[in-house]
2 protein chains.
Amino acid sequence: MTDGRSDIDALIDLMARLPGLGPRSARRAVLQLIKKRGPMMRPLAEAMTRVAETARECLACGNIGSGDLCPICLDDKRAKGQICVVEDVADLWAMERGRAFAGRYHVLGGTLSALDDVGPEDLHIPKLLTRVGAEGVREVILALNATVEGQTTAHYIAEALEGTGVEVTSLAQGVPIGGELDYLDDGTISAALRARKAL
Amino acid sequence: MTDGRSDIDALIDLMARLPGLGPRSARRAVLQLIKKRGPMMRPLAEAMTRVAETARECLACGNIGSGDLCPICLDDKRAKGQICVVEDVADLWAMERGRAFAGRYHVLGGTLSALDDVGPEDLHIPKLLTRVGAEGVREVILALNATVEGQTTAHYIAEALEGTGVEVTSLAQGVPIGGELDYLDDGTISAALRARKAL
């Protein structure tokens, strides 16, 4: 690791492991970074070091923050009675970008999967059931992906909460805003038809 | 920049500026990095810091190394009589992966372009002409991209070297190894036909 090329090769190998980058795009990205050492590479390396040191999982909801509790769990303005359940942090971020939800979250860390041998105790499902009891939750909103695994997980949670008096809801399924029927799959169209509303 | 989320947002913004990554893939990459802080994020940040500190352009050929001269220019086993001219360092790396060339390189840093107002003095063309005289070069191999700009640049260099007694060659054009005729563009097929060889 003493000559410059092997340092660069090591950097390319690490970059190529990122999702969305392969060997070729990793090489392009590294060359770009080397060309812009001052304005890009140093700030990126510093930002990465900082996040690697500070980022940690929220003990309550599983979101990523820099303390024991994430900014959302620490925010008194967020309603305590509603918990939105998501598969992972990327989904939580997507919900937050929508700016439509003012409650709190619970990140499962995946979905149930018989094939991959993922059971409820491998996810944060027991923790969710504890929170629902402890925090006086009135509604659990299941914002899980519309995949087989997502829906299996949703049904499991709904059953586990049966009889607790907590309302369990899930995101509506239908035509996306701006969506064109001709480009939608048959499943979405029939779900939208079944859930049709009076104008 | 005190709470964890704004550090993470800053990191995502920097990552999204890399070629090949957009905002969505930058978010995915950063989440992946946070999940694998120990095995991935720290090594990546360290590799980046190291390269940012050590990488520099070779004073002779424009390749990237960690000293005044790059490993190729320092290697006595590389033939001094041949210079392979490439547009940028990525092309030099591609040539080296081919393991077919044992001479030295010259990185132009771009191509001539009337549209973008790039003239010979904006590239390392004067430096190339100086090297050809000073290093006793016998052959200049033009390994420029088969684009209009690449070919314009090739012709300019060939003309500038006319009368110096230096042989100027360029990479052969034809059907790529493993290439299927049905998938090739017309230009490649007619170039391969014009350059046909006796079996």
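**Exercise 1.** In which order do the four strands of the open sheet in chain B stand, and is their pairing parallel or antiparallel?

*Solution.* Keep in mind that this is a predicted model. Start with the general idea: strands of a sheet pair through backbone hydrogen bonds, either parallel or antiparallel. Reading across the open sheet of chain B gives β4-β3-β5-β6, and the pairing is parallel. Next, look at the edges: β4 (104–107) and β6 (167–170) of chain B each have a single partner strand, so one side of each has no neighbour in the sheet. Finally, from one strand to the next the twist averages 25°.

**Exercise 2.** Find how β3 and β4 of chain B pair, and which helices pack on them.

*Solution.* Begin with the pairing: β3 (residues 82–86) and β4 of chain B run parallel and share four bridges. Helix α5 (residues 89–98) of chain B lies across β3 and β4 of chain B, at about 160° to β4(B).

**Exercise 3.** Describe the largest pocket and its lining.

*Solution.* First, its volume is about 830 Å³. Of its 31 lining residues, B:Asp91, B:Ala143, B:Leu144, B:Asn145 and B:Ala146 are the closest to the centre. Then ask which elements contribute: α2 (23–35) of chain A, and α5, α7 (148–160) and β6 of chain B, each supply at least two lining residues. Last, sort the lining by class: 16 residues are nonpolar, eight polar and seven charged.

Conventions
Residues numbered from 1 in each chain as written. Chains lettered and ligands numbered in written order. Predicted model: local features only at pLDDT ≥ 70, side-chain atom pairs only at ≥ 80, totals over all residues. Heavy atoms only, no water. Pairing = 2+ DSSP bridges. Axes fitted to C-alpha atoms, helices over the stretch in contact; angles between N-to-C directions. Contact = heavy atoms within 4.5 Å. 1 Å grid on protein atoms, 1.4 Å probe; cavity = no way out; pocket = protein on both sides within 12 Å on 5 of 7 lines; lining within 4 Å. Points joined across faces, edges and corners; volume = space filled by probe spheres on them. Nonpolar A, V, L, I, M, F, W, Y, C, P; charged D, E, K, R; others polar.
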